[in-house]
4 protein chains.
Amino acid sequence: MSVSPFEHPFLSGLLGDEALSALFSADADLKAMLAFEGALAAAEAKDGLIPPEGAAAIAGGIASFEPDWLQLREGTRRDGVVVPEFVRQLRAAVGPDGEKHVHFGATSQDVIDTSLALRMGEALSILHERMERVLADLDQLAARDGQVETMAHTRMQAAIPVPALRKIESWRQPLLRNKERLAAVREGFLVLHLGGAAGTLDKLGKEGRAVSKDMADALGLAVIPHARHSERDHVVVLADWLSLVTGGLGKMGVDIALAAQSEVGEIRIKNGGGSSAMPHKVNPVGAEVLVTLARFNATLVSGMHQSLVHENERSGAAWTLEWMLLPQMVMATGAALRMASEVVGNIAFIQR
Amino acid sequence: MSVSPFEHPFLSGLLGDEALSALFSADADLKAMLAFEGALAAAEAKDGLIPPEGAAAIAGGIASFEPDWLQLREGTRRDGVVVPEFVRQLRAAVGPDGEKHVHFGATSQDVIDTSLALRMGEALSILHERMERVLADLDQLAARDGQVETMAHTRMQAAIPVPALRKIESWRQPLLRNKERLAAVREGFLVLHLGGAAGTLDKLGKEGRAVSKDMADALGLAVIPHARHSERDHVVVLADWLSLVTGGLGKMGVDIALAAQSEVGEIRIKNGGGSSAMPHKVNPVGAEVLVTLARFNATLVSGMHQSLVHENERSGAAWTLEWMLLPQMVMATGAALRMASEVVGNIAFIQR
Amino acid sequence: MSVSPFEHPFLSGLLGDEALSALFSADADLKAMLAFEGALAAAEAKDGLIPPEGAAAIAGGIASFEPDWLQLREGTRRDGVVVPEFVRQLRAAVGPDGEKHVHFGATSQDVIDTSLALRMGEALSILHERMERVLADLDQLAARDGQVETMAHTRMQAAIPVPALRKIESWRQPLLRNKERLAAVREGFLVLHLGGAAGTLDKLGKEGRAVSKDMADALGLAVIPHARHSERDHVVVLADWLSLVTGGLGKMGVDIALAAQSEVGEIRIKNGGGSSAMPHKVNPVGAEVLVTLARFNATLVSGMHQSLVHENERSGAAWTLEWMLLPQMVMATGAALRMASEVVGNIAFIQR
Amino acid sequence: MSVSPFEHPFLSGLLGDEALSALFSADADLKAMLAFEGALAAAEAKDGLIPPEGAAAIAGGIASFEPDWLQLREGTRRDGVVVPEFVRQLRAAVGPDGEKHVHFGATSQDVIDTSLALRMGEALSILHERMERVLADLDQLAARDGQVETMAHTRMQAAIPVPALRKIESWRQPLLRNKERLAAVREGFLVLHLGGAAGTLDKLGKEGRAVSKDMADALGLAVIPHARHSERDHVVVLADWLSLVTGGLGKMGVDIALAAQSEVGEIRIKNGGGSSAMPHKVNPVGAEVLVTLARFNATLVSGMHQSLVHENERSGAAWTLEWMLLPQMVMATGAALRMASEVVGNIAFIQR
């Protein structure tokens, strides 16, 4: 299967990312949804909303849960969201002692948005680590080649000579700033979503706040005053950040491809790509892919902003659009950072 | 695996399409690339550019070809394109009698763009068939409910009553026009790409035109005067058409979701989606997904237009961007047409 | 005034277009709206829906109509559309003999969409003429420089030498195809819009068809079987075409900028732009602007596709979005064609 | 003139904003460019790079400067940027005592990017003030109608009743968060740009830092360690923020339009828009425009992200694209905030 280049048998060599794609697997999603239901039951038991035996039965059901994937697929087709069928299967697994307490007071969006928050925590850590890696690679490049004289170009024409360091800094500084921007992105995204049917936690009564606090602690997420089902700014802030990162790397990519042109030769690429028709060529494949991924995210980010127009208390249309765009943007960012390390490690500035 | 909702274990129930995703599998791509190389060798033998034994050996190698997927992936990582490694493997399969004649005079882009043309022929036939199906569904709906009086709404306010037929026509007419537009899209896309290293078929000498003609005939594609490696209008014309189709269905989706609102009740949905928190609800899931898919394609189409800025004789950056966007747009269109049939079959206009 | 670069006191030198911007002036719009109301009254008189004296009074009111711009602005603020206030002012100008017959049976969208169709007829003729001009410029370039040997570049690396003609053809062919595509775009766009409140011409009774035919003839537009208020495919088809044109010219722009690089020097630019810091530079300003305009239209085209999700019988939200995007896309296309002529006239391929 | 709805004689009633459009006038730009050149000369005189008499002559020339607009337009056409011709005119105005010291060590991008920073300072203050106004309007609405029972809707179906406060909060919270996000946006944008030809301030020698500091102080901008000519993240961060703001208001707009539907009637709109065909209607014009402006910015933001791929030390193509998109996004945001106040002031929740 291979509509997605990120998971395609051969295109994934160029564009894929195994560590990140694992986080978007159905398995990882299911595991995070189970964690949500387990933490919910535990917190509700602690706060007296469901009996301890119920929570215990739920914990048992979760431990041994085996999904019926076909029915999950069928349920998603019908309901537009996997949760009703997932809850039905989980209830069956939990059995009579706890089934009626499963998912008590929660709604589909609570489960799905929280599952994403849990997995994005890991994804953002991976991206952060890779940013540090690229920064280190650039530092190394600067230490070795920073004083090589290279030609500055403005408006596609040679301007005046500058040290390579000037160019490297124009790649490093945005990456550094984007790394600093990550903290606010994380803080906004890594929160527990728990609102119930209409975002008011109506079934939990006055215990709502306590349950939220306990669940958030158990899941390692922050607690927010009220659910943000229909307020999607935190999701778009993440998407914007992803595209900022790839955009900065795309700038590096185009600079390298230009400097490595046959006629310019200010950058030499080791291990460039070959051609089926012209074996002598050394193509700046990695640099080009950085441009591709930048333009890809710059395209998709528009749809994320469109999804801010999220009608009423939950929009099936706008919410589903996020599912179709955001995971790809994360993947593209991961791939770009991975590729950036490879590219930076493979180039050398050439004294003119 | 499941970054892509089109192939996700459960989201594909809502957004996927097996018939179309098969056309974007690596297997289907490989099969089409082999067809290209086979037709190329046959035509070159016929036109005296390679010996008949060479073509025979190539045909034999193709018949028994077993790809080494891992190496194809590694080659794509290195070269940015699968073809150099694919040709290497094919040469090995062909053996000494023909290996040097494999891929003679062609370039990577010839293989890949032609493989896509071959598979899009099938994809467009599937889409065409589904359009006819949706049109028939709408005709049936019109025949049954067309005279039901329904309220026209302008600027989100009730205007004057109109027959349901008026509304149905506003869904049917664009679909009909889009079906008519398909012919020109097909004609531009279903062509043989054969240009060699720089689009001039330099290695084929005066036989270039004859080889092109013979190959095109064998593959069921049209022949064009010269290769269009860097001229991407035909690709964008396809993308535009895909988004026109989903846009028209998205309009139907939003209309149905609005008419099916609890407070409006002018359309009743059978088999609507359920909720995990409110079992009584009948959600217009299919109608919402039509809106999602329209907005998805409307987002991606922008990147396709960006890729028209395709520098020089082949742009790794712009071309790879097409690979990341176009297959998804085809999938989204297929899913929307499939869903549209389901939705139209499930609704009834209600006399007020 | 100058939010818009197209009409900015100095940026318009680079990006503007006086012939086209005149068509988007409020004056031109008003003139076309008056033509609509005049033709409507004449046709309704002919078909017996309003008395001949009414039509005569309307013709007189139109002839002497002086808009109160401030009130038109205020009316647009209030109604979201200029027509109710415009009709009020027109009625006052027509006076007691015809005021009640003004705008009979029509709705705001009829007036505005038809006004746009009328003006786009002129705009598309201008664009068509410029395409022919650029094609002629390219023919001249090909005649003079076509046999100059130039280097083909694939993936940003020198590949093999080709005649300049090869490169020129990759600019000329898409432009030629886009010129051929214009006929279908015109045909879909240059139609009369007349549907009345809900698109059913309910007030015109059985004379609706005749009135439409007569009006369309008078205005030089085609007549369509029923109004397309909420079916926006023809608008998006136009937008797609505009972006195809600028995309093809953007490809030419990036090619020229790359070939004119100081280190490459395969193209020499006469009259390139100067720099405030480095007076010696010859910047490929026109070529860069072609890229800018391509990316601009590639950006805006997405919003046009989003506006296909046009809810109910008239969407204030989606329709207004068209007004914000389409005129700019026309302007950008006009500016790109104008600039393309200038650029092509200013370059020469240099024998290596 | 009126390609731009923001400055159109009647559309500006709906979509325009006089306070903000003044900041994007050529006059305001010129004034800011003069401020740049004045501050540069003063700082350079203080730091011993140019003689005090030179700075005095420049100050005199600036005080009496009268632009030749036609030549500025012609210069922009030629150079792609107004600065070379602007500097030429300024030199002429300064006269022999200082002309050679005008613009010393600076480059076009320094002037233009700093001019934008200066004007965005004012624009962001206006937007901030309007956000506070809308928040106050929402507080007032909440105080009056917050306890009215209204129906929550999920997936376009009635869910459970909630207090209107719940809905108001889903409009207020994102606006509040966006207001908080403004501080970081301001900090990144309101900086002095001074880098010289290639961003290294090569002509200022060791005084470069001091000149930057003095200029920044004089202009009320922050100083940054080195020029960011080709690092555009701060520009895109601003664009993202603008679209976040309009997106949140678009969500409010769609909610209001839905709740005000004839069949729902949970919100009543005072002063809604009228129709030319159906005088009885009360159209939610302002609410619809909020959706339009959200989708407009969500469209344009994509092009801003594309412009991150800013090649080399200055890209004419990518930089010019910013000029075509960013001012419009600011205008759309200003218009949305203005309209939001009007809309919030005009609605009332109706007890069911």
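The model is predicted, so to speak of local features takes pLDDT of at least 70 and side-chain atom pairs count only at pLDDT 80 or more, while totals for chains, interfaces and linings use all residues. Residues are numbered from 1 along each chain as its sequence is written, chains are lettered from A in the order in which they are written, and side-chain values use heavy atoms, with hydrogens and water left out.

**Chains B and D**

Interface size is often quoted as the accessible area lost when the parts come together. Here are the totals for this pair.

| Item, chain B with chain D | Value |
|---|---|
| Residues in contact | 27 of chain B, 27 of chain D |
| Buried area | about 2,400 Å² |
| Salt bridges | two |
| Residue pairs in polar contact | 11 |

Some cut-offs: contact is heavy atoms within 4.5 Å, and buried area is the accessible area (1.4 Å probe) lost by two parts on being put together, summed over both. A salt bridge puts a side-chain nitrogen of Lys or Arg within 4 Å of a carboxyl oxygen of Asp or Glu. A polar contact is a pair of N or O atoms within 3.5 Å; within protein, one must be able to donate a hydrogen and the other to accept it, and residues adjacent in sequence count only if both atoms are side-chain atoms.

Carbon and sulfur atoms give 47% of that buried area. One salt bridge joins the side chains of D:Arg155 and B:Glu288, at 2.7 Å from N to O. On chain B's side, strands S1 (149–154) and S2 (157–163) and helices H10 (233–259) and H11 (285–306) each give two or more residues. H11(B) has the largest share, with five. Helices (H or I, at least four residues) and strands (E, at least two) are DSSP runs, numbered from the N terminus.

**The hairpin in chain D**

D:Arg155 also turns up in the hairpin of S1(D) and S2(D), where two residues sit between the strands, and takes a positive phi near 50°. The two strands pair in the antiparallel sense over five bridges; pairing needs at least two DSSP bridges. D:Thr154 has D:Gln157 as its bridge partner in S2(D).

**B:His103**

B:His103 sits in the loop between H6 (83–94) and H7 (108–145) of chain B. At 4% relative accessibility, this histidine counts as buried (under 20% relative accessible area; exposed is over 50%, partly exposed in between; 1.4 Å probe, protein chains only). Its side chain makes a polar contact with that of B:Glu37 at 2.8 Å. Beyond four places in sequence, B:His103 also touches residues including A:Ser276 and B:Leu40.
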